[in-house]
Amino acid sequence: MKIAALFPGQGSHSVGMGADLTAAFPEAAEVYTQVEHVLPGLRAVIEQGPPDDLTLTANQQPALVAASVAAYRAWRAHTGLTPAFAAGHSLGEYSALVAADALSLGDALRLTRQRGELMQAAVPVGAGAMSAVMGDPAVVAEVCAGTEGAQPANFNAPTQTVISGTKGGVDAANAALKARGLKAIPLKVSAPFHCPLMAPAAAGLAPELQTTAFAPPAFPVYANVTAQPNTDPTALPGLLTEQITGAVRWVETIQALAAAGADVFIEFGPGTVLTGLVKRILPDARTLNVGTAAQVQDFTL
């Protein structure tokens with residue numbers, strides 16, 4: 001048996017996430033204590049809201065790291081199990097690196113707060129857009145290649161690709177995709193993530209990443225931008241910088257994990273987005289979710 005630990009990105013948050021874990025497991029409680037130490041005030045937003053404050057990118061990113069790492073550490077302590085691999089969707093890559101002991105929790109919280117602030121500031125509100133497209137990803141890539149201001153941002157499932165870019169570019173791509181018989185659904189997002197418009201955010205975070213202490217991962221962490229395992233800490237600043245403007249190659253990542261022998265996929269943290277995507281990529285895969293105290297306490301393989 002080889003476990004792949006998966007960590008969610010933006011959109012999986014909810015007010016109160018992790019509260020039952022912190023009440024039941026000291027390992028989870030310690031994570032939330034550190035949140036308050038590194039980013040004073042964020043714990044209250046996680047536990048009490050209001051929802052609009054938690055949804056703010058600069059809050060949501062470190063909050064999801066906290067909730068995901070709390071679930072993972074409680075699970076590790078309760079079961080004694082260790083994954084063979086890890087991967088995170090976009091922001092979740094930071095949680096995966098914390099799980100693999102390649103990045104400290106404190107640094108992950110600090111970096112994701114900065115990442116969120118920089119990504120929000122990179123593009124004026126309303127200037128960018130994102131859409132979820134249902135259909136052949138090759139057609140999506142072809143249409144985006146012929147449309148200025150639009151590019152694939154997330155290859156989430158065999159028939160679901162998110163595109164990102166300028167509002168005009170994404171609107172034009174949506175029209176062209178619909179003309180090709182594909183369904184394009186505009187997303188309610190605060191900024192156009194994983195596209196060249198995020199270049200100012202990448203430039204802003206790069207120096208912070210270069211001065212962060214990364215350690216060799218305890219197990220391979222699959223990078224979003226390569227869909228390949230990485231165990232070299234010196235490569236991490238570059239991979240995480242490129243990730244801000246590059247596409248999340250999630251389909252290839254899950255396929256690569258399966259090819260490496262992963263036969264159980266566990267999503268740590270709130271929500272079930274990633275296990276749902278795994279089932280669409282590998283219909284016969286075994287998936288589990290660990291995001292609540294009950295899911296830790298009742299965990300069986």
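Predicted model: local features only at pLDDT ≥ 70, side-chain atom pairs only at ≥ 80, totals over all residues.
A residue counts as buried here when its relative accessible area is under 20%.

Let's get the big picture from the record before zooming in. UniProt, in an unreviewed entry, puts the feature "domain: Malonyl-CoA:ACP transacylase (MAT)" at residues 6–299.

Now go to α13. Its buried residues are L274, T275, L277, V278 and I281. Where do they sit around the helix? They span an arc of only 160° around the axis, so they end up on the same side of α13. As for what lies over them, the cover includes strands β1 (3–7), β4 (150–157), β5 (160–166), β9 (264–268) and β10 (286–290), along with helix α12.

Skip the neighbours within four places in sequence, and T275 is in contact with F265, E267, T287, L288 and N289.

Next, look at how α12 meets α13. Helix α12 covers residues 250–259 and helix α13 covers residues 273–281; they pack at an angle of about 75°, and their axes are 10 Å apart. Angles from 65 to 115 degrees count as roughly perpendicular, and that is therefore how α12 and α13 are arranged relative to each other. On the α12 side, W250, V251, I254 and Q255 make the contact, while α13 brings L274, L277, V278 and I281. Sort the contact residues by class and you get seven nonpolar, one polar and no charged.

For another kind of setting, jump to A127, which is in the loop between α7 (105–122) and β3 (128–134). Is A127 buried or partly exposed? With a relative accessible area of 34%, A127 falls between the 20% and 50% cut-offs, so it is partly exposed. Leaving out residues up to four places away in sequence, A127 touches T166 and K167.

Key
Residues numbered from 1 in each chain as written. Heavy atoms only, no water. UniProt positions renumbered as here; feature names shortened; annotations may be inferred. Axes fitted to C-alpha atoms, helices over the stretch in contact; angles between N-to-C directions. Helix = DSSP H or I, 4+ residues; strand = E, 2+ residues; numbered from the N terminus. Parallel < 35°, antiparallel > 145°, perpendicular 65-115°, else oblique. Contact = heavy atoms within 4.5 Å. Nonpolar A, V, L, I, M, F, W, Y, C, P; charged D, E, K, R; others polar. Buried < 20%, exposed > 50% of the residue type's maximum accessible area, 1.4 Å probe, protein only. Arc of directions from axis to C-beta.
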